[in-house]
Amino acid sequence: MKESIEAYIKNEPKLQGALIGISIRAANTGKMIYEHMGDTRFLPASNMKLLTAAASLNVLGEKYCFSTELRTDGVIEGGKLKGNLYVVGKGDPTLLPETYQRFAQQLHALGIHFIAGSIIGDDTWYDAVRLSQDVIWNDETFHYASSISALTISPDHRYDAGSVYVKISPGKYGDDAKVTVSPKTAYIDVLNTIRTGKKGGEEDVTMIRERNGNTIYLSGEIPEGGEGVEEWLAVWKPTDYALHIFQAALKKQGVLIEGSMCRGQAPDSSTLLYKHHSPALKKLMLPFMKNSNNTIAEILVKEMGRQVYGEGSWEKGLQVLEREMDGIGMNLETMVIRDGSGISHINMIPANEVTKLLYKIQKIDWFNTYLHALPHTVAQEPCMLGTLQGRMENLDVKAKTGTIYGVSTLSGYMHIKKGDNIIFSLLLNHLVDEDEGKEIEDRILHIIASAR
């Protein structure tokens, strides 16, 4: 196996000028089987989520739920709420448009038909820092770099909180492309200049959201008869976005509002009207890991900081994450941790430390939840394959993928039919084309499987 891997690394043209860290351990003993630059620090990309998932399961627990509260500083009299209504967010990334509709229905069920005050969004559960420290400006348009708020909303069950879903479909040749946005909201403006090109032509679409604003510019060309383009685009000020959706839900329910919408903090003396809980962390692990959800990752970091130190910030959350990794046995002196998602180009972790983590956690009671959440090449349902869909279909691999500019990573577990299961970490950096890294990872795993 060693000779085959090293020959492949030496002769693979796509690895010329690139770097690769490889660590392979026996799953049952943790014994090192093979390593190549295993103690050298590499950018982990979304393999960083392996650490975040382990820390959050340890700190928050599988049964942990996020909550959202409706509170008031007034009283209900004769169908009128005499006071302000506070929507108090506590980090739930699973709030959907239909959830806010349910909030409106709950108020209606309480006999409230008129609010003689304002709708105030309380997002103070976390600090006001919206982006992790190394997000680059041209990523801010997209869902994987959405602003983090304690009060937010997701467009669908992917739970890309703080984003909208945009679908671009071709019309007839020469016509404007058709654009649909979900949820339907006037909170964003879309300026579309995408034209429908000839059948069989090249698709060339550019999407840009203005900085510090919510105008989305769509330009380019899409071929007639093509499948179209879909994307999740981040919004500016997700708290206000959530309030906007809630206001529309109240209107639909027939609840009138006298005042305005704004951000603020609910007084300690406010009265609880309704409390909503998210699915348990055990279930949230599935969209988090299988879809490689950056927003959930950073919310988990802030939530750990809030629960342990009383401060929902990256600074405190990363302190908790590092504490947990140290407790599991990782050597923090060999790594740099800057966020929970892996979007940073400053995170650095050796492959040997990744496989050490994956070995150690096998004995912790939440491990089955962790393992089940990993993308899987042979899952029974396509939706459970996650980011490994279409890869290594003849291998039994459960692993976390990772991709940022110039980086491709894959770390996890591989079941060998002979029962000699392995833990592996493949960290590829300085690639000219990070997408080519997937082919290299797959090839190396096939070499390992055939040799074992």
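## Helices H5 and H6

In this predicted model, helix H5 (residues 281-290) and helix H6 (residues 294-309) cross at roughly 140°, and their axes come within 9 Å. Axes here are lines fitted to C-alpha atoms, for helices over the stretch in contact, and angles run from 0 to 180 degrees between N-to-C directions. The helices and strands themselves are DSSP runs (H or I of at least four residues for helices, E of at least two for strands), numbered from the N terminus.

H5 passes H6 in a left-handed crossing, meaning the near helix is turned anticlockwise from the far one by less than a right angle, with clockwise being right-handed. On the H5 side, Leu-281, Leu-284, Met-285 and Phe-288 make the contact, and on the H6 side Ile-296, Ala-297 and Leu-300 do. Contact means heavy atoms within 4.5 Å. Sort those residues by class and you get seven nonpolar, no polar and no charged. Ala, Val, Leu, Ile, Met, Phe, Trp, Tyr, Cys and Pro count as nonpolar, Asp, Glu, Lys and Arg as charged, and the others, Gly among them, as polar.

## Helices H3 and H4

Now for another pair. Helix H3 (residues 97-109) packs against helix H4 (residues 238-253) at an angle of about 50°, with the axes 8 Å apart. That makes H3 oblique to H4, and the crossing is right-handed.

H3 brings residues including Tyr-100, Phe-103 and Leu-107 to the contact, while H4 brings residues including Ile-245, Phe-246 and Leu-250. By class, this contact has 10 nonpolar, four polar and one charged residues.

## Salt bridges

Side chains of opposite charge can pair when their charged atoms come close. Here a salt bridge is a side-chain nitrogen of Lys or Arg within 4 Å of a carboxyl oxygen of Asp or Glu, and the count comes to 16. One of them joins Arg-263 to Asp-123, at 2.9 Å from N to O. That pair links distant parts of the chain, 140 residues apart: Arg-263 is in strand S18 (residues 261-263), and Asp-123 is in the loop between strand S9 (119-122) and strand S10 (163-169). Arg-263 is partly exposed at 45% relative accessible area, whereas Asp-123 is buried at 3%. Buried means under 20%, exposed over 50% and partly exposed in between (1.4 Å probe, protein chains only).

Glu-353 and Lys-356 form a salt bridge too, at 3.2 Å from N to O. Both sit in helix H8 (residues 351-360), three residues apart, which is about one turn of the helix. Glu-353 is buried at 7%, and Lys-356 is partly exposed at 21%. Elsewhere, salt bridges that share partners tie Glu-69, Arg-71, Lys-90 and Lys-275 into one network.

## Around Asp-127

Asp-127 also lies in the loop between S9 and S10, and it is partly exposed at 23% relative accessibility. Leaving out residues up to four places away in sequence, Asp-127 touches Lys-302, Gly-312, Ser-313 and Trp-314. Asp-127 and Ser-313 are 186 residues apart along the chain, yet their C-alpha atoms are separated by 5.7 Å.

## How to read the values

Residues are numbered from 1 along each chain as its sequence is written, and side-chain values use heavy atoms, leaving out hydrogens and water. As this is a predicted model, local features need pLDDT of at least 70 and side-chain atom pairs count only at pLDDT 80 or more, while totals for chains, interfaces and linings use all residues.

Definitions and conventions:
Angles under 35 degrees count as roughly parallel, over 145 as roughly antiparallel, 65 to 115 as roughly perpendicular and the rest as oblique.
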